Each structure stands twice: as C-alpha cells, then as structure tokens.
Amino acid sequence: MTLHRSSDMLNSNKKHSFKYETRGQLVEDAHGGDEMKYLTRRVLVAAAFVLAAGPAAAQQKTITWITHPVIYDVTGKGELLKKFTEETGIKVEVTTFPTDALAQRIPAEFIAGSDAYDVVTMANFWSERLTRYVEPLEPYLAKKPVSGGIEAFSEGFVRQFRIPLTPEGKLYAIPLRMSVDILFYRKDILEQAGVAVPKTLDEYYAAAKKLTKDTDGDGKTDIYGAVYQGIQSNQGLYDWYDWAAPLGVDILTSDGKKAAFNTPQAVKATEMRRRFVAEGLVNPGVLSYSFDDAISAMAQGKAAMSIMFDAYWSQLENKEKSQVAGKIGYAAAPRDPSVSDAYFGRGWGLFINGKSKNKDAAWEFISWLTAPEQQLWMAVNHGNPISRPAVAAHPDFVAKVPVAPALTEALPRARTMPVSAEFVRVQDILVKHISAAQAGTVSARDALAAAEREVAPILK
C-alpha cells in the first residue's frame, strides 16, 4: 500500500508541516562556501521545525519519497508503487509539492539534517552546493547496476546530475522524467507549400518565410511561419537555448566558473530570433510569450512550426483542445550538422538523501522505477517523457507516442544546461540582454558581450 501525502494534506496538518512565506535565495557566506546559508531566516527556522516535527523515521522495508505531483501521477497515482511493493516487499510513502515549494522544502530538509525523505526528486534547483547532502551513486552502481548500465540512459541527461558536468563527473542522480527539444511542424502546411522539413537553422528561417501567409486575402497574416517563447524569464532563456544549443553553444564552462555563451554561434542564434520578429515571421507579441502561449498558437493553427520540449506533444494531439490534432509532424530540432550533442534537454532526477537510514532500499526503488519496463509503462499510459533512447524504439512506444522518431535521433545527442548555484543570477542577466537583442534595441553581438561582462564577477 502506498501512502500519498499531498502538499494540501501537509499544510492542513500542523504537526507535520510548515508554510514558506517567501521565495528562497542562495547566498554566499563568509567562509567561501564551506558552510551554506539557504533561503531566509524564516526558512532556516522552518528547517529546524522539520527536523523536530517532520514525518516519522522510515521503518524497515518502508521508504519515503518527496516528489512533484505530476511525477506521482505518471506512476498511475501509485499503481506502479504498489507493483514495486509486491515485487520487493518495500513500501513507498509519497509526499508531493509543486516545483517552487520543492525548491524550498528540500534544501530546508537537508540543512536540518533530516532523514524524513529517503528518495528526493530534484530538477532545475539542483546544484553543486547540494552534493554534500546526497549520496554519490557510483558505489551503488558498482554493487547493483541499473538495467543496462548507466550508459543505457541519454548521456546528456545523465550529465545534468554529474559534478562537474562532464562524463567523468561524480554522479548523484538517475534521470527519471526528462524532455529534449524537437521540431513541431504542420505536416499539411509544409506539404502544400512544397517545403521540406528544415534540418538547419538557416533552413528553418527560409521555411518560415515561405510559410508566413495571408490565407484569406484580407491583407493580414493568418499563419506565421513559426512561434517561440520570448518571455523575459527562465522559459525565454530555455527557448533561446533551443536555438543556440544545436549550434554548439554552451552557457558556462563545465566547471561553472566562466561564461561560454559569447560566441559567434550564440550571436547567430540571437540575431536569427531578432530577424524572425523584425520580418514578421512569428506571432505578434511573441517577445512576451511563455510556453503556454506558444503551444496555444500552434494548437489554434496560427503558427506552422516551433522548437519546443518533446513533452508538449500531447497537448497538440488532444482533439478536445487542439484544432491541429493529427496534423503535426515531429523531427529533431534544426542543428549544425557538425555538432554532436545538439539538443537541449532537462528534467527530473532521483537522489538518495545522505541522511537516509534506508539507502539500499532507496537505491532499489530508484533503479526499479527508472528501468526500461517502468519508463515504457509511464510513457505509454501517462505520457511521461523518457530518458532511455532504447525505449523510444520500442514498438509499443512507437505506436502510442508520435514523437518517437524524433526522440530516436535527439535523445542520444542531448545537451544540458549548467547546474551552478549561481546560475539563477546568470540566467536573469543573460535573458535580460537576449530579450533586448531580440527586440532589436541592441545588436546580438553587443548584448552577449554586455551579458558576459556582467556575469563574470558572479562566477569568480
């Protein structure tokens, strides 16, 4: 039996919960990072409270897992966890929080030295500053390897959880729910226009020019060649990287100590996005578009192409909500053919809490849940994005998931973003300058140079 504690349940139970009233922020301390101060005084007090009043220590053959509600949902809301218990005798108790709450709760638990959660799920708030609180996984892999070995996962996805971000970096998590950017395009519109599926960024631009049309002759554009997410936020930066990564652009060096984004290739990607806006090849207002806006433009038939995370496909194929269901094609994103690890990918990994008293059982759960059989089940039945390239070729996956051919090419060539603790500040600076360049108020070259100068002191 699986016990699922939702955030609402916890917040209604004063004995086992607390609320964060302010967003967390990582700050440097006076000891050069030897000791870490997280969040604000309220969160530190909350952390102490968790230690004193958190969930009871897990009993033998019981482990606790803190995760996102969507990730719990794709297990069939616990259906898979029951199967795990039947096979291993290990029960799993689950607590879920949305991303922002997890980003505060998990560091607070770590600081408190809490063993309340054996298995921890982290995504873009994972950084090298948390390595002291979670278990390196090489000893576990040596003792009981995951199915097929770690090389059976997309190396780009695995690298997100290595410190440093190299194939030799120490591994701290196994990828569970990961997405990679691919090209979404209207099959019917490209066919009618005689336009081939673009394979490079230059071809993408040329195709967008041909596909931007006034279809009813009233002098107004009805279908734009493409749509992107231009909002000045992390979503906008991710979308910019969908264009820059396939040109071989890194944001930081692998050790996170220097900016790597001020390159001719990054200038080209940024300038290309400006041209799409200036020439009217993307929807008006695109510089404020989030991913919801971009998906809506595609779903309403107002855009012919977009480069987005593969997980979005289900929204466009929903016949009740999308006007273009059945009309969308999927391919690997346009890239420089000389670039191998070309496709930006990101997602969630499973970690073992360093204070867990059930580490072997936690590893048993992590290796089981990320095995190909479970990945396939969650993908086919609940649309969970996969992290194993071999699953993309499975007949059941191919039959049910239309992005399968695109993933076959993209998953082995995934590229990750930095996980530096300073990356939030870097991100805010970079997206500010990129947004100005996309709007045409400054050149792409000058924007990236200014961002590099502003970022440099942060990374020292």
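A residue is called buried here if its relative accessible area is under 20%, exposed if over 50% and partly exposed in between (1.4 Å probe, protein chains only). The model is predicted, with local features requiring pLDDT of at least 70, side-chain atom pairs counting only at pLDDT 80 or more, and totals for chains, interfaces and linings using all residues. Residues are numbered from 1 along each chain as its sequence is written, and side-chain values use heavy atoms, leaving out hydrogens and water.

Let us turn to helix H15. Helices (H or I, at least four residues) and strands (E, at least two) are DSSP runs numbered from the N terminus. Within H15 (residues 372-382), the buried residues include Leu376, Met378 and Val380. Among the elements covering the buried residues of H15 are helix H4 (79-88), strand E9 (174-186) and helix H14 (359-369), where contact means heavy atoms within 4.5 Å. Gly383, which follows H15, has a positive phi near 70°.

Aromatic rings come next. Rings of Phe, Tyr and Trp (its six-membered ring) pair if their centres lie within 6.5 Å, with planes under 30 degrees apart counted as stacked, over 60 as edge-to-face and the rest as tilted. The whole structure holds 21 aromatic pairs. Tyr204 and Phe276 are stacked, because their ring centres are 5.7 Å apart and their planes lie at 25°. Since Tyr204 belongs to helix H9 (residues 201-211) and Phe276 to helix H11 (residues 264-278), this pair ties together parts 72 residues apart in sequence. Tyr204 is buried at 0% relative accessibility, and Phe276 is buried with a relative accessible area of 0%.
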